[in-house]
Protein chains: 4
Amino acid sequence: MITASVEYRVPYADTDQMGFVYYANYLVYFERSRNELMRSIGFTYKEMEALGIGLPVIEAKINYHRPAKYDDLLKIVATCSWDHGIRLQIDCKVFRGEELLVEGYTIHAFMNLKTGRPTRPNEELTAKLTAL
Amino acid sequence: MITASVEYRVPYADTDQMGFVYYANYLVYFERSRNELMRSIGFTYKEMEALGIGLPVIEAKINYHRPAKYDDLLKIVATCSWDHGIRLQIDCKVFRGEELLVEGYTIHAFMNLKTGRPTRPNEELTAKLTAL
Amino acid sequence: MITASVEYRVPYADTDQMGFVYYANYLVYFERSRNELMRSIGFTYKEMEALGIGLPVIEAKINYHRPAKYDDLLKIVATCSWDHGIRLQIDCKVFRGEELLVEGYTIHAFMNLKTGRPTRPNEELTAKLTAL
Amino acid sequence: MITASVEYRVPYADTDQMGFVYYANYLVYFERSRNELMRSIGFTYKEMEALGIGLPVIEAKINYHRPAKYDDLLKIVATCSWDHGIRLQIDCKVFRGEELLVEGYTIHAFMNLKTGRPTRPNEELTAKLTAL
């Protein structure tokens, strides 16, 4: 199991007229933490794409406990474990200080970017993921 | 039970470098269909907010079957039934022609916009929802 | 000179906590009208890209006169004239009813999508643009 | 004259199918640097809003020199000088390393958030801006 996190300052752009962060933006926050998760295992998503492998999302779920607001300094934490399958679940939590605001997960499938078909992660990535 | 739908042409803005609609945008598509759903019962979300009642999302789930692409003409269909509670689930499906691309739901809680506390829908909205 | 327009209903997603449409979103609105402009000349942007030609924006300017708001039904009007050069200016205006809310322009350069280098529009597009 | 900057890692969300950061997103990047600019003078935008004063954008201009891409670590630099008027211009530049990718400016008007009318900055903000 591996965990990584990223800090994020909420811009005005992310708010809506209720004064809260608009609910779709949390999926972007989740992505930010996933990017750091992959960087932390020494194999960025960008490098994976350069090898012709993508990880599109096939399922996402989000529970909204408390609203984030403009100028909040958030911490987004991603956790992942891999069972050697062609799918990967990443759990994400969004905190403001100690307070858990939002949590959820995304499920991803390894995809051959040329064919658009499911694939297995390449050897190097498999090794990195297995070593976790 | 009530159903409403809206057509939507995918702009370049919604795509990502994989050539697909970025996964967070579907939550905005869901919102577009919810807005039409409320308009169709004769009580828009804007009117409800003017009465001091909001419907923030407390849970969302999305299943991504096939990617939408730039310039696709999508149809987003929202369906809702209400059991007189303080929560409301709205199911959404995104179609390209006959093809189901994405489906999911959102769960909403009626909220007093001044206090930020849960509330019940007002009489008029209750009547409209009950009549469905 | 050619003109095309598109209607657009403002979702909650586009608002910010000031209760206005967030200022970056108008550039997406401009894009929506450009897409219809190209469709109206019988050569969509998607078809142009399929031929390996893109039209990235190299300059944009926007004047914000009055704010658009949630649930507004906007009309975005794009106007374009082409002088046979490798650049193209498209002027856009955003209306709510008769009221002009926002106006601006974008300047685009024809680009070979494989090389990333400036290029000229192909023969068919040249003919279509010249016929205007 | 005052300058502040912020680092920003480009997420997949910001890209489009051309593989570049979609052109509207730079206005959000500009905002991120403006937020840090105000924080650096000891008077955040959030604090200003709490006093009932807003700074909506009335004009924006952007020149796109080179595209930013996914996973780029950008530096956005904002510079501002104030002539005691009711308007404020902020110049922004987006860098990747030493490379200038995008530059532009926004012009803002001090606005009374209750009345929606132009106003003057309050005493404390005037003092802070004058001290620059």
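Reply: This is a predicted model. Chain B can be laid on chain A with an RMSD of 0.0 Å. That takes a turn of 180 degrees and a shift of 0.0 Å along the axis.

Me: What makes that the relation of a two-fold axis?

Reply: In general, two copies of a chain are related by a rotation about an axis and a shift along it. Here the turn is 180 degrees and the shift is 0.0 Å. Therefore the relation is that of a two-fold axis.

Me: Which residue of chain B comes closest to the rotation axis?

Reply: B:Lys61 does, with its C-alpha at 2.1 Å.

Me: How do you know that the same surface serves both copies?

Reply: Look at the contact residues of chain B: 100% of them recur in chain A. The contact takes 16 residues from chain B and 16 residues from chain A.

Me: Which elements give two or more residues to the side of chain B that touches chain A?

Reply: They are α1 (25-40) and β3 (57-64) of chain B. β3(B) gives the most, with eight residues. By class, this side of chain B has twelve nonpolar, two polar and two charged residues.

Me: Why do we say that β3 of chain A and β3(B) pair?

Reply: Two strands pair if DSSP finds at least two bridges between them. β3 (residues 57-64) of chain A and β3(B) have five bridges, so they pair. The sense is antiparallel.

Me: What is the bridge partner of A:Glu59 in β3(B)?

Reply: The partner is B:Asn63.

Note on methods
Residues are numbered from 1 along each chain as its sequence is written. Chains are lettered from A and ligands numbered from 1 in the order in which they are written. This is a predicted model: local features need pLDDT of at least 70, side-chain atom pairs count only at pLDDT 80 or more; totals for chains, interfaces and linings use all residues. Two residues are in contact if their C-beta atoms, placed from the backbone, lie within 7 Å. Helices (H or I, at least four residues) and strands (E, at least two) are DSSP runs, numbered from the N terminus. Ala, Val, Leu, Ile, Met, Phe, Trp, Tyr, Cys and Pro count as nonpolar, Asp, Glu, Lys and Arg as charged, and the others, Gly among them, as polar. Copies are superposed by least squares on the C-alpha atoms of residues with pLDDT of at least 70 in both.
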